[in-house]
Each structure stands twice: as structure tokens, then as C-alpha cells.
Amino acid sequence: MSRDRIYPDEPSGPFPEPPLSFEDRDGREIEIVPLDPAGDDREALVEMYLQFDPADRAQGIPPGQERRIRDWLDTILDDDCLNVVAWHGDEVAGHATLVPDEGAYELAIFVLQRYQEAGIGTQLMRALLGYGASHGVEKVWLTVERWNRAAVGLYKKIGFETSDAESFELEMTIRLR
Amino acid sequence: MKVLLGIGGSEDSVRALEQTVERARAADDDLTVAIVENPNADATPDEIEDRVRGVLTDADLDAEVRHVAGDPGSRLVDIAEEEGFDQITLGGGETSPMGKIKIGSIAEFVLLNSHVTVKLVR
């Protein structure tokens, strides 16, 4: 099912490299750091996804049920993937990931419901792309359900352009260098 | 029940074949397998037919197998409506490296246009 994706000619950015911290619009201190696969980060992520509202699932992810969540995390926390986590104290507020795919990377981002609409998604996206760029990532793509206007707006603001509007989901791409 | 399975050779369509054959045996469904031309699949129609016949033989199920030329989605809908099928069955989508489910273009067309019940197999 591979076909050639269209990427913007011009690179976007520069994006800031994590770690970075900021105060969100609700006054919470948020710290964005690359995921440490060896530490307790994985368990904290499982905890976030167990609390995740199924209404915010997109194309089947994150899955429900702890067993499926753990299987899925095994895939996206693999050594060749790039992950950043937004922490509020010792709780995960959000998570964004780049998964390699034939010379490019597929992106996904999740912000826990009680942390949404506070500016965390924008910072998390920018930090992930900064982290990716510093690791040599050139091309990134994602799909988003076309009715998810908030997400589409965020991706456009960051620099993503629509590359395929023919299916149920929009496909968007960005070039980092 | 009279079931029309569309198969174009993608991984999810092969999974749909296996589950549908199993289900047809259990429920005594009247199954027709339509081999369509999926431009996104690597297998040729003849290779798909071999695969289909193999699965049918293993399951000891008698089913009609036919090749369908032309636009896959619209042909499946036409056949199902003209020949009085109760259900069209298709693969339920491939997953991206991330694990996102993406419904194929044939399934999209059939879902939106069929007046016959559609089943997507996961």
C-alpha cells in the first residue's frame, strides 16, 4: 500500500529541542522531555492511556484495555522511534511520537483530556519536531480525521500541509530540513 | 445468508477471506468470492484465486469464485444489489506503522454507496 507522499518544498522550523518547560494557560508548570525508555516513563504512559477518554481515540489508537495499550506502546517505544513526554509533576499530561516509515516518520500526539486546550499540544508538537530535526528526521507525515478541526488547525499552524484529501482521513506532511 | 466477499489481495482482505470462510461454514452461508482489481495490492488475480481456492479446500467449503473487472467498489455494489446478496464483506483496513487503522479506498466507496449491509472484518 505504499505510494509516493507529497512533502512541502520548503522546510519548516526551527523548532525548540527538549527538554523545555513552560506554564500552561491554566497556570500548571509543564516540562517536556525526551522519553527515557529505561526508567519509569513507560508505566506513567500506561497510566495516562488508561485514563484516556475513548471519545478522543483516532483511527483505533490509543487502544482500550491495558493489554492492548502495552502492546501498542511496545511498538511505538521501540529504539528507532522518537518520543517526547509532557510532564506535570510526576503525571503524564501528553505524549508525542515519531515512528519510522520508509525514509520518513509517522507522527501522533495525545494530550490527556484534563490538560487539553491549555497550549500543551502546540508545545509538545514543536518539541517533538525539534527533537526529530536534531536526530536527522527530514520528512514527517500524519493522518487526521477531517472533522477534528482543532487538530487540523494545530497541524497547519505548525507548518503541516495537506498532501492527500481523498480519503476519510486527511493526510498532512511537513519537511524539517 | 447470501454473502459476497470482495478480495483484492491486500493483507486485510486475506484476513477477511479466512474469517468469512470460517463463518460461512458455521452459519451455512451461501458464499461468493469476488476477486477484484486492487491497484494497491501486489498479488495478481490468479495468485489471489489460488489463495482463495486453497482456503476453501482447507475448510471443505463450496463457494463460487469469480473474477470481477472494472472499478472494484462500484462493481461489488452492483453485483450485490442486482443478484440479491444480503451482505458485502470486505477487509477492515490496514494499519500504519503507528498502529492507526486506515480503511481502504474500495471499502470507503462500498460503505458510502451500498444499499446492502456491509461488514468490515478486523
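How much area is buried between chain A and chain B, and what percentage of that area do carbon and sulfur atoms give? In this predicted model, the buried area is about 1,500 Å², and carbon and sulfur atoms give 62% of that area.

**The interface**

Chain A brings 21 residues into contact with 13 residues of chain B. Between the two chains there are 8 residue pairs in polar contact, both at pLDDT 80 or more. Four elements of chain A each supply at least two residues to the side touching chain B: helix H2 (66-76), strand S4 (91-101), strand S5 (104-111) and strand S6 (139-145). S4(A) gives the largest share, 4 residues. By class, that side of chain A has 11 nonpolar, 6 polar and 4 charged residues.

**Salt bridges**

The count over all chains is 14 salt bridges. Between chain A and chain B the count is 1.

| Pair | Closest N to O distance |
|---|---|
| A:Asp24 and A:Arg28 | 2.7 Å |

B:Lys102 sits in strand S6 (residues 101-102) of chain B and A:Glu169 in strand S8 (residues 169-175) of chain A, so this pair joins two chains. B:Lys102 is partly exposed, at 27% relative accessible area. A:Glu169 is buried, at 6%.

Salt bridges with shared partners link A:Arg5, A:Asp101 and A:Glu171 into one network. A:Arg5 is partly exposed, with a relative accessible area of 26%. A:Asp101 is buried, at 14%. In the pair A:Asp24 and A:Arg28, both residues are buried.

How values were computed: Residues are numbered from 1 along each chain as its sequence is written. Chains are lettered from A and ligands numbered from 1 in the order in which they are written. This is a predicted model: local features need pLDDT of at least 70, side-chain atom pairs count only at pLDDT 80 or more; totals for chains, interfaces and linings use all residues. Side-chain values use heavy atoms; hydrogens and water are left out. Contact means heavy atoms within 4.5 Å. Buried area is the accessible area (1.4 Å probe) that two parts lose on being put together, summed over both. A salt bridge is a side-chain nitrogen of Lys or Arg within 4 Å of a carboxyl oxygen of Asp or Glu. A polar contact is a pair of N or O atoms within 3.5 Å; within protein, one must be able to donate a hydrogen and the other to accept it, and residues adjacent in sequence count only if both atoms are side-chain atoms. Ala, Val, Leu, Ile, Met, Phe, Trp, Tyr, Cys and Pro count as nonpolar, Asp, Glu, Lys and Arg as charged, and the others, Gly among them, as polar. Buried means under 20% relative accessible area, exposed over 50%, partly exposed in between (1.4 Å probe, protein chains only).
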